[in-house]
Amino acid sequence: MPLGSLSLPARLCLLAWDTLGTEASGAARLPRLVRAGALTELARRGLLVDEEGIATPADLDSRTGDAVLDGLLELVRESRPHRWRSWVTLRARVTLDAVREQLTAEGCLRAEKKRVLGVFPTVEYALERGAVVDALREEAREVLLGPVPVVEVSERDAALVVLAAAAEPGMLLPREERGLPEERVEAMTERVGAAAPVLRTIVQEMRKPAASVAR
């Protein structure tokens, strides 16, 4: 599938997969990472706005045409007001499940139905298109390390790198190259434009230990 058709949360979900293993790396952080991507994308599009730290729908009717983003937008509209940092974790698995279903429908993941203890039905996901993940990771590395000037990086690509770096640097760099170019990451944050303050708040929440925010 064309990489350009992937939304920010879908890209982050795929980027977390270890193409040499059987599951996503940093699994405990994955729900927060995917939800953070969806929040950032909605803020970048102006569909969620900041009102004194509260994530607020810009109106009651707008849609994106993306089931994952529209599902989160509807959830925010139907819920009592919450701060951005709360939405990073609040019912985050709802967004992760929606992204996985979307990626399965598009052939990037494979859904495998199983039973826990032979009784309780569950669904596990396996990576179906490792080449897509490899391509995404290579694109993200080029954005992170250059040589493309930050001003020429798209807002979506800048947000992807900032969020991935906050969640798990290993998604972007091998262990021997783990040091992040902090100044460039900060420049990427600014590149997101009007959504930059929201992105900073989201990143702060994502950097908390997974156990301290598990819900």
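Analyst: Cys108 is buried, at a relative accessible area of 1% (buried is under 20%, exposed over 50%, partly exposed in between, with a 1.4 Å probe and protein chains only). The model is a predicted one: local features need pLDDT of at least 70 and side-chain atom pairs count only at pLDDT 80 or more, while totals for chains, interfaces and linings use all residues. Residues are numbered from 1 along each chain as its sequence is written, and side-chain values use heavy atoms, with hydrogens and water left out.

Cys13 is likewise buried, with a relative accessibility of 1%. The closest cysteine sulfur to that of Cys13 belongs to Cys108 and lies 9.6 Å away, which is too far for a bond. Cys108 is therefore in no disulfide, its nearest cysteine sulfur being that of Cys13 (a disulfide needs a pair of cysteine sulfur atoms within 2.5 Å). The count of disulfides comes to zero.

Cys13 also takes part in a helix contact. Helix α1 (residues 8-15) packs against helix α5 (residues 92-105) at an angle of about 85°, and the axes are 10 Å apart. Helices are DSSP runs of H or I with at least four residues, strands are runs of E with at least two, and both are numbered from the N terminus. Axes are lines fitted to C-alpha atoms, for helices over the stretch in contact, and angles run from 0 to 180 degrees between N-to-C directions. The pair α1 and α5 is therefore roughly perpendicular (65 to 115 degrees; under 35 is roughly parallel, over 145 roughly antiparallel, and the rest oblique). On the α1 side the contact involves Pro9, Ala10, Cys13 and Leu14, and on the α5 side Leu96, Val99, Arg100, Gln102 and Leu103 (contact means heavy atoms within 4.5 Å).

Helix α1 also holds Arg11, which pairs with Glu139 of helix α6, 128 residues apart. Arg11 is buried at 3% relative accessibility, whereas Glu139 is partly exposed at 34%. A salt bridge also joins Arg11 to Asp157, at 3.9 Å, N to O. Asp157 sits in helix α7 (residues 155-167), 146 residues from Arg11.

Elsewhere, Glu112 and Arg110 form a salt bridge at 3.0 Å, N to O. Glu112 is partly exposed at 25% relative accessibility, and Arg110 is partly exposed at 36%. Glu41, Arg44, Arg45 and Glu155 are joined in a network of salt bridges. The salt-bridge count is twelve.

Asp70, in helix α3 (residues 67-78), is buried but has no salt bridge, and the nearest side chain of opposite charge, that of Arg63, is 5.2 Å away. Charges are assigned as positive for Lys and Arg and negative for Asp and Glu, with His and the chain ends not counted. Not counting residues up to four places away in sequence, Asp70 touches Arg63, Thr64 and Gly65.

Helix α6 (residues 130-145) also contains Leu145, which is partly exposed at 43% relative accessibility. Beyond neighbours within four places in sequence, Leu145 is in contact with Leu173, Pro181 and Arg184. The C-alpha atoms of Leu145 and Leu173 are 9.8 Å apart, across 28 residues of chain.

How values were computed:
A salt bridge is a side-chain nitrogen of Lys or Arg within 4 Å of a carboxyl oxygen of Asp or Glu.
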